[in-house]
Amino acid sequence: MITKDAERTVPVTSAPAAEEPPQRPGKVRRAWDEVPRWQIYLPLGIYLVFTLVPFYWILLFALRRPGSTSLVPWPITFEHFEKVWNERSFGTYFQNSVLVGVVTLLMTTLVALAGGYALARFDFKIKRGFMLALLCSQFVPGALLLVPLFQIFAELRMINSLGSVILAETVFQLPLSIILISNFIKNVPYSLEEAAWVDGCNRFTAFRVVVLPLLRPGLIAVGSFAFVHSWNHFLFALMFLSNQEKQTIPVGLNTLLSADSVDLGALAAGGIIAAVPVVIVFAFIQKWLITGFSAGAVKG
């Protein structure tokens, strides 16, 4: 029998308090979240207008009839395109530019792949000096190379040949391409190649099977950069090619300008012909291009 005194001495234990659910951290407000929307859209709209108006102006001159002063290209005519393609030999210029661009792309990619792999996977005494020379070569303007390249190609009897333009463009693109490719290869773990060696592959097979598929974004970025630069470059084609049948599109556009008058419709049509292939290429490879340049920018 429990007495009242015993009841008083029995400690009373309270029930454990229920644990409160962890509080979710609130959304961190960034500085630009406080900026009014119009302060963002207004500068972007102004920039968009300054960017699109020149393109509309080119389309206007290319698609409206000769002598028309309308601000709307209606009725649409393709007379200027037919004129520059047939009478001004832009069909030939286009084929030459495609040949120069594609061959430059292939040669630059292959040589840069070999040089980038050597810089990424091997150590040699002049490695730092070689990297410094590649970086310093980017400060040399292309116009400074015209005279020595012209003398070299004259000795090799390559003047007035598309091969001279292709070699010049390849040499001009190689330093930056090698640096980018070496950074891409550094981002590929070296242990993957070692595992392939253990499985019986030699170095070349391990590179082709394991490393090369992982370099696809980087190769597309380097190749597209080389193609676009060779497509738009003017100086090398102007200096090394004298035959009209060997000219490229940038030089062909220059032939539409004269001291007495300028056919704005034909010039606009030629500019569109020169720009459309590059726009189409970038429309298809933009995802790979952004991924490739961002991967190459990461230090391995």
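Two residues are in contact when they have heavy atoms within 4.5 Å of each other. Keep that cut-off in mind for this predicted model.

**Stop 1: one threonine**

Select Thr 170. Thr 170 sits in helix 7, which covers residues 162-186. Is Thr 170 buried or exposed? Its relative accessible area is 4%. Buried means under 20%, so Thr 170 counts as buried. Setting aside residues up to four places away in sequence, Thr 170 touches Thr 104, Met 107 and Thr 108.

**Stop 2: the whole chain**

Zoom out and colour by secondary structure. How many helices and strands does the protein have? There are 13 helices and zero strands. Of the 300 residues, 33% count as buried. Look also at how the chain meets itself. Take the contacts with a separation of 6 or more: residues 24 or more positions apart account for 72% of them.

**Stop 3: two crossing helices**

Select helix 8 (residues 190-198) and helix 9 (residues 203-214). Their axes come within 9 Å and cross at roughly 140°. Angles over 145 degrees would count as roughly antiparallel. Helix 8 and helix 9 are therefore oblique to each other. Their crossing is right-handed. Which residues make the contact? On helix 8, show Tyr 190, Leu 192, Glu 193, Ala 196 and Trp 197. On helix 9, show Arg 203, Ala 206, Val 210, Val 211 and Leu 214. By class, this contact has eight nonpolar, no polar and two charged residues.

**Stop 4: the nonpolar cores**

In soluble globular proteins, nonpolar side chains tend to be buried together. The largest nonpolar core here has 20 residues. Select those with the most contacts inside it: Ala 62, Phe 81, Val 84, Phe 90, Trp 231, Ile 249 and Leu 253. Which helices each supply at least two residues of this core? They are helix 2 (37-63), helix 3 (79-87), helix 4 (90-121), helix 10 (216-232), helix 12 (249-255) and helix 13 (264-296). Helix 13 gives the most, with seven residues.

Stay here and centre on Trp 231. Leaving aside neighbours within four places in sequence, Trp 231 is in contact with Phe 94, Ser 97, Val 98, Ile 249, Pro 250, Ala 274, Pro 277 and Val 278.

Notes. Residues are numbered from 1 along each chain as its sequence is written. This is a predicted model: local features need pLDDT of at least 70, side-chain atom pairs count only at pLDDT 80 or more; totals for chains, interfaces and linings use all residues. Side-chain values use heavy atoms; hydrogens and water are left out. Helices (H or I, at least four residues) and strands (E, at least two) are DSSP runs, numbered from the N terminus. Buried means under 20% relative accessible area, exposed over 50%, partly exposed in between (1.4 Å probe, protein chains only). Axes are lines fitted to C-alpha atoms, for helices over the stretch in contact, and angles run from 0 to 180 degrees between N-to-C directions. Angles under 35 degrees count as roughly parallel, over 145 as roughly antiparallel, 65 to 115 as roughly perpendicular and the rest as oblique. A crossing is left-handed if the near helix is turned anticlockwise from the far one by less than a right angle, and right-handed if clockwise. Ala, Val, Leu, Ile, Met, Phe, Trp, Tyr, Cys and Pro count as nonpolar, Asp, Glu, Lys and Arg as charged, and the others, Gly among them, as polar. A nonpolar core is a set of buried Ala, Val, Leu, Ile, Met, Phe, Trp, Tyr and Cys residues joined through side-chain atoms within 4.5 Å.
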